Amino acid sequence: MPSKPSPLNSCRSGGCTLTGALSVTTSVVDSATIIHGPAGCAHHNFSLLHATGLDNDRITSLNLFSSGMLEPEVIFGGEDALERAIRRAVRGDYSVVYVLSACIADTIGDDVPAVCRKDWGVPVIPVPTAGFLGGSFQDGVNNALVSIAGTLTGTAERKNGICANIIGEKNLEFEVEENFNEVSRLLSLLGITINVRFIHCAGTGELASLGGATLNVLRDEGMGSLGDLLNRKYGTRAVPAFPAGLSGTLRFLQSAGEIAGTDAVESIAGETGAQASLLEDFSDIAGSSIRFDPVFPGLTDDCSVSEVIERLGLEISLEGVRVPAPLSPPVGTAGVRRLLHRWRRALHA
Amino acid sequence: MPECVNPLTPCAMTGAAAALAGFDGITVVIHGSSGCYYYPATLLHAPLLGTFIVGQDVIMGSEARLLEVVAEAAESGGLTAVVTSCVPAILGEDIRSLLSPYDVVLVESPGFAGSFATGYRNALAALAPRVDTGAAGINIDGICLLDPFSAGNIRELTRLLAIARVPVATVLCSDELSRLHACSPFTITADGDLSSGIGTNLGGTLGPDAVRETFRRIGDALEGSDPGPVFSEIDAEEERLIRACDKYLRRFDPPVTAIFSGGSYSAFAAGVLKKYLDAEIACIGTRTFEEIPRGFSSVPAPGLNDVTALIQKYAPDLVIGASFEKSVKGDAAFVGLTPPLRDRVRLVSRPVAGIAGTLSFMEEVLNACMDRMARR
């Protein structure tokens, strides 16, 4: 039996827009989300989100409705089923209801936006998804964030003090809280507080103050169009990505300081010292020979990882000790420290 | 399934994949998007292939992509099973003719076709299992990759059959594919919800009473078998179980219990809790809409909101279910019986079936209830 999931083309493995969009909409705590499609689609995603919550010691209250499409709806149309699901959802005490469509609903041509436009008493917002037909997981994330940002009518008035929005966190990422904590720590070195996590466990009330921040911090560079949208809407400039690796962390401080109008020299000097101490703490593994674990492939050629290898004088070799590669660039100095702990465990095993 | 909130049951496509992937000698291809592929792949921990179709394939036709993947699957030399997901199922492509040059079984089991069990049975029917009247031993039925107790159930039932001097014939669905076409005329069942209907069913194996009755039938049906040692073991272990439960009852009241599982496992849990611990079965919420046997009443609880409402209504001391139920159990004790069980490390293959299955289940129940009392 082949062990690889699919032959050839990795561009086909981008996942489903539903999962991406759900990772955003289910993070709006006073909302409900409807998946217009078979119940199995809702279950698959509910189960994934639930498992992720358990992994992160965060049992969130998911409100995921399914229109429960079966064969008759596929043949005769599913808009009535969607209306029933919306009717049921709006009976709950939700501030907003998001509607996502599965691939089968899009294929049979159900007019989801038209159903959502009816007067339901609370906002019922369609998010462009269409299952895999709408693109990838990341497209789903971006579409949901753009849809929600587009519906916000909150003020663009700046808050007192310097504060930042965190934009587009990867809510299904295992280290999502640790990464947020590290970014918060780095921003605090510049005297910057957090305004809104857009969107991570936030209520619609909090989201309304999105325009009040001095700067936005985007999770990664793939969210540039969202950053542009928020800049146009609120005039808020953005740091393009979370800090990746050692020198990336220093550049992050520089960039955030420039946008916030804060002198970052002292913060950068302090963080540079902290990074030197960190590398000293791991001097026992300096010069070791390593190779990346082929069973769990991750990021092996990212410059943030290469820099850590170079700074510790590690050698990549086929005969080296097998160490895990990170799935995404280590966030901040703390991310590098956790990565090095994993490598040291492997080297000492 | 009508519209529901936070649904708890996988789709028919996943059910089909679970049945097929249990057989060595089959390469399973999910004909659908990567999103459809990932769920069964991560849930079943089995190697699956996927066509990973994209929008362009839907517009231009998915045949070329399917053939590309089937051709790779064919390289492994065994049978290829193609499971269609929702969109390919309605594209109107003649997949059956397309695949006719290959050794392929096509299982049309899109998500909208129904439940996990529907897909599981569709797949098994497509494989066309056959009884060989000359085959020795007994089939073990109702084994499914989705079930976290499946490996333990196989091990325990194989052990019991061995001490009764009965070889195992075919395990459905966890065996070499070739053995699916030489099943024994006799079958015993682990999870009755996934019973295949292959051979004469000599009975279930959930709970000591069922094991005793089933092995009595085995003794009658199979020449050369000797269920005596199984009966002796049941008597001895049941005595230990009764003593442990009696000791619990000297200090504590029986737990008011809410059970959430499939019909077969629910009936087992209710039966042994009532018999050995005099537990009050406050409610049984089933994943499916099927009735529970053995005189226990049940209500459908297909979504987590249904589960939450039942737990709030009955305020049980003990909740039996999956990780889903654990997250809404409040201060009740919890024992995992239903997939998925995700937030605990599970390294040992624990059974539910057989004698060890009952001991294992009741051990968890007693410890969970005592821990809860200690916390209070």
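In this predicted model, strand β9 of chain A, covering residues 289-292, runs parallel to β10(A) and is joined to that strand by two bridges. Within this pairing, A:I290 sits opposite A:I316 of β10(A). The two strands belong to an open sheet of three, ordered β10-β9-β11 in chain A, with parallel pairing. Because β10 (315-316) and β11 (321-323) of chain A each have a single partner strand, they stand at the edges, and one side of each is left without a neighbour in the sheet. As a reminder, strands of a sheet pair through backbone hydrogen bonds, either parallel or antiparallel. Helix α14 of chain A, residues 332-348, lies across β9 and β11 of the chain and runs at about 150° to β11(A).

Chain A is divided into domain 1 (13-151), domain 2 (163-242) and domain 3 (277-348). The C-alpha centres of domain 1 and domain 2 of chain A are 24 Å apart, and their contact draws 19 residues from domain 1 of chain A and 17 residues from domain 2 of chain A. On the domain 1 side of this contact, α1 (17-25), α2 (39-55) and α7 (137-151) of chain A each supply at least two residues. The most comes from α7(A), which gives seven residues to that side. By residue type, the side of domain 1 of chain A that touches domain 2 of chain A is made up of nine nonpolar, eight polar and two charged residues.

Turning to the interior, nonpolar side chains in soluble globular proteins tend to be buried together. Here, the largest nonpolar core has 211 residues, and those with the most contacts inside it are A:I34, B:A16, B:A17, B:L20, B:V28, B:V83 and B:Y120. Helix α11 of chain B (residues 263-277) provides the largest share of this core, with nine residues.

Most residues other than glycine have a negative phi, and most peptide bonds are trans. Against that background, A:C201 has a positive phi of about 50° although it is not a glycine. This cysteine is placed in the loop between β6 (193-198) and α9 (204-207) of chain A. A:C201 counts as partly exposed because 16 C-beta neighbours lie inside 10 Å. In chain B, B:D278, likewise not a glycine, has a positive phi of about 55°. B:D278 is found in the loop between α11 and β13 (280-286) of chain B, and with 12 C-beta neighbours inside 10 Å this aspartate counts as exposed.

Cis peptide bonds are found in chain B as well. One joins B:L172 and B:C173, with omega about 5°, and B:C173 has its place in the loop between β8 (168-171) and β9 (175-176) of chain B. Another joins B:P339 and B:P340, with omega about 0°. B:P340 lies in the loop between β16 (333-336) and α14 (354-375) of chain B.

Notes: Residues are numbered from 1 along each chain as its sequence is written. Chains are lettered from A and ligands numbered from 1 in the order in which they are written. This is a predicted model: local features need pLDDT of at least 70, side-chain atom pairs count only at pLDDT 80 or more; totals for chains, interfaces and linings use all residues. A nonpolar core is a set of buried Ala, Val, Leu, Ile, Met, Phe, Trp, Tyr and Cys residues joined through C-beta atoms within 7 Å. A residue is buried if 20 or more other C-beta atoms lie within 10 Å of its own, exposed if 12 or fewer, and partly exposed in between; C-beta atoms are placed from the backbone. Helices (H or I, at least four residues) and strands (E, at least two) are DSSP runs, numbered from the N terminus. Two strands pair if DSSP finds at least two bridges between them. Two residues are in contact if their C-beta atoms, placed from the backbone, lie within 7 Å. Axes are lines fitted to C-alpha atoms, for helices over the stretch in contact, and angles run from 0 to 180 degrees between N-to-C directions. Domain bounds come from an automatic or database domain assignment. Ala, Val, Leu, Ile, Met, Phe, Trp, Tyr, Cys and Pro count as nonpolar, Asp, Glu, Lys and Arg as charged, and the others, Gly among them, as polar.
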